[in-house]
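This note is written for a colleague who is meeting the structure for the first time. Please read the points below alongside the model.

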Amino acid sequence: MAENPKDYRYLESHEWHRKEADGTIAIGITQHAADELSDITFVELPKVGTKITKGGRWGMIESHKTASDLYSGIAGVITAVNDELSKSPEIVNKEPFTSGWMIKVKPDNPAEFDQLLSADDYEKIIAH
């Protein structure tokens, strides 16, 4: 299994959060989640400009096995969505931490990022 990047932050529901150079936060799902879902067939993403809440649902991901809601660990406004995923959702299976990003958010409170799980804490959760 791919290692979870140490500079990212995580949710127990398997979403990662990454600080971007412009101050936005990119969000996607972890390799663990992608492996559990296996063949991802569809990613439902919100529109740019959508307001999301900390702990709130912002999208959905489907595979041959199941469908899962996607959640945010921060509140803010969506500034970008990864349109490539509508044509090629399997990118999430192959590269969940890089080109498989899903949304970018301008955070209302940038400090919320630091309150999310560290890579070490997330790894303890998925080890069980």
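1. His17 stands opposite Ile27 in E3. The model is predicted, with local features requiring pLDDT of at least 70 and side-chain atom pairs pLDDT 80 or more, while totals for chains, interfaces and linings use all residues. Residues are numbered from 1 along each chain as its sequence is written, and side-chain values use heavy atoms, leaving out hydrogens and water.

2. Strand E2 (residues 15-19) runs antiparallel to E3 and is joined to it by five bridges. Strands here are DSSP runs of E, at least two residues, and helices are runs of H or I, at least four, numbered from the N terminus; two strands pair if DSSP finds at least two bridges between them. Five residues lie between the strands of this hairpin, where Gly23 takes a positive phi near 95°.

3. Strand E3 (residues 25-29) is also joined to strand E9 (residues 103-107), antiparallel, by three bridges. Ile27 stands opposite Ile103, and Ile25 has Val105 as its bridge partner.

4. The open sheet has six strands in the order E1-E2-E3-E9-E8-E5, paired antiparallel. Strands E1 (9-10) and E5 (51-52) stand at the edges with a single partner strand each, so one side of each has no neighbour in the sheet.

5. Which residues of E3 cover its two faces? Ile25, Ile27 and Ile29 are buried on one side, and Ala26 and Gly28 on the other. Buried means under 20% relative accessible area (1.4 Å probe, protein chains only).

6. In helix H4 (residues 119-126), the residues Ala119, Tyr122 and Ile126 are buried.

Methods
Buried means under 20% relative accessible area, exposed over 50%, partly exposed in between (1.4 Å probe, protein chains only).
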